[in-house]
Amino acid sequence: MSVRTIGVVMNGVTGRMGYRQHLVRSVLAINEQGGVTLSDGSRVKLRPVLVGRNADKLSDIATKHDISDFTTDLDAALASDDNLIYFDAQVTSARVKAVLKAIEAGKHIYAEKPTAESTQEALALAEAAAAKGVKNGVVQDKLFLPGLLKLKRLIDGGFFGRILSVRGEFGYWVFEGDWQEAQRPSWNYRAEDGGGIVLDMFPHWHYVLENLFGRVRSVYAQAVTHIPERVDEQGNTYQATADDAAYGIFDLEGGIVAQINSSWTVRVNRDELVEFQVDGTHGSAVAGLRNCRAQHRSATPKPVWNPDLPATARFRDGWQEVPDNAEFDNGFKIQWEAFIRHVLEDAPFPNDFASGARGVQLAELGLRSNAEGRRIEVPQL
């Protein structure tokens, strides 16, 4: 069996997601399993070329994982013909400039979301990639979560009948950074650096809603900065200028109403950090990161409201676990493998820059809805 190696320029691997999910759990994990298997049975391994601003951090990562190529010179990395793919996991504010440079160099582009801070910039990236003829893709990892894959199986099997509504709860308490270290970087809470939970999470909710339930037709959102002051990585107090919670209502095609709360200022009282409840005429389901529970209409209890008596029914007991029926791999890794096949043999990859632009559009319109205090129509891009 033949094995070839291609170079992948990875910009932003010193960050949390770039390092954990994309370098370690995707690219290096792919190599450990022998590479990506193509349709002809051959395999492709990936040679990561690490790029970033801090040479010491890059050197530490390269040494730890026995990676030979790292540099602070993006131009030099893009100049090599051996490097076919450019991957970007930088802070959002730095993404557009670097991606445009990689497109001009003729590299195929895979990028974290959001692809840009504005719809105009996101569309410009999609247009530039199309004009140059390079393959392009955006990370949409939540489509590959075991819980959502089980949920999609229920949808495809007609379990819900007519879907009526979707309710999502996402988030956890991110410490302020004073008496306990924050779990997220400080730039997430500065609007001037591309921070904010709307810009971070609404692109996620867009592709989840679009792929599982239907096109988003309108949005009403309230974005809030609940914690106005935080402490950064150096122990300095700073003003949080970006929203840390957002409460959104999305009108979907087919009359489905979706409500999703996103918050870094909520303490978790549910089974998983994100859960979606889907209610339909024939059944309901609650899906999280890994698990999914369902209740058919034939097994739905018939509660009667009576505040004078304690509830005797244990409502959670009336739900059934949806079985795995498959082995689930890391969602980031699965999407990396799909993008490699897309680049090398033109395999389908629907999660392109155009879909990424629609996610940025929803975030932008969500912020506009918050500013104007009204429901905003979502034009088709």
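1. Ser-26 is located in helix 1, which covers residues 16–32. Helices here are DSSP runs of H or I with at least four residues, strands are runs of E with at least two, and both are numbered from the N terminus. Ser-26 counts as buried because its relative accessibility is 0%; buried means under 20% relative accessible area, exposed over 50%, and partly exposed in between, with a 1.4 Å probe and protein chains only.

2. The structure is a predicted model, in which local features need pLDDT of at least 70 and side-chain atom pairs count only at pLDDT 80 or more, whereas totals for chains, interfaces and linings use all residues. Residues are numbered from 1 along each chain as its sequence is written, and side-chain values use heavy atoms, with hydrogens and water left out.

3. The record places "domain: Gfo/Idh/MocA-like oxidoreductase N-terminal" (unreviewed entry) at residues 50–135, and it lists "domain: GFO/IDH/MocA-like oxidoreductase" (unreviewed entry) at residues 149–285. UniProt positions are given in the numbering used here, feature names are shortened, and annotations may be inferred rather than shown by experiment. Residues 50–135 are 47% helix and 17% strand, with end C-alpha atoms 21 Å apart. Residues 149–285 are 18% helix and 36% strand, and their end C-alpha atoms are 12 Å apart.

4. Helix 5 (residues 119–132) and helix 9 (residues 353–372) have axes that come within 8 Å and cross at roughly 175°. Helix 5 is therefore roughly antiparallel to helix 9. Helix 5 contributes Thr-119, Ala-122, Leu-123, Leu-125, Ala-126 and Ala-129 to the contact, and helix 9 contributes Phe-353, Ala-354, Ala-357, Val-360, Gln-361 and Glu-364. Axes are lines fitted to C-alpha atoms, for helices over the stretch in contact, and angles run from 0 to 180 degrees between N-to-C directions. Angles under 35 degrees count as roughly parallel, over 145 as roughly antiparallel, 65 to 115 as roughly perpendicular and the rest as oblique.

5. The axes of helix 4 (residues 95–104) and helix 5 come within 10 Å and cross at roughly 10°. This makes helix 4 roughly parallel to helix 5. The residues in contact are Val-96, Val-99, Leu-100, Ile-103 and Glu-104 of helix 4, with Glu-121, Leu-125, Ala-128, Ala-129 and Lys-132 of helix 5.

6. Strand 15 (residues 283–287) is mostly covered, as 5 of its 5 residues are buried. In a regular strand the side chains alternate between the two faces of the sheet. In strand 15, Gly-283, Ala-285 and Ala-287 are on one side and Ser-284 and Val-286 on the other, all of them buried.

7. Strand 14 (residues 274–280) pairs with strand 15 in the antiparallel sense over 4 bridges; two strands pair if DSSP finds at least two bridges between them. A hairpin of 2 residues joins these two strands, and Phe-276 has Ala-287 as its bridge partner. Strand 15 also runs antiparallel to strand 16 (residues 292–296), joined by 5 bridges. Ala-285 stands opposite Ala-294 there, and the hairpin from strand 15 to strand 16 passes through 4 residues.

8. Helix 6 (residues 146–156) has Pro-146, Gly-147, Leu-148, Lys-150, Leu-151, Leu-154 and Ile-155 buried. These buried residues pack against strand 8 (163–171), helix 7 (197–212), strand 14, strand 15 and strand 16.

9. A cis peptide bond, with omega about -10°, joins Lys-113 and Pro-114; Pro-114 is in the loop between strand 6 (108–111) and helix 5. Asp-66, which is not a glycine, has a positive phi of about 55°, and it is exposed, with a relative accessible area of 74%. Asn-325 has a positive phi near 60° and is exposed at 62% relative accessible area.

Methods:
Contact = heavy atoms within 4.5 Å.
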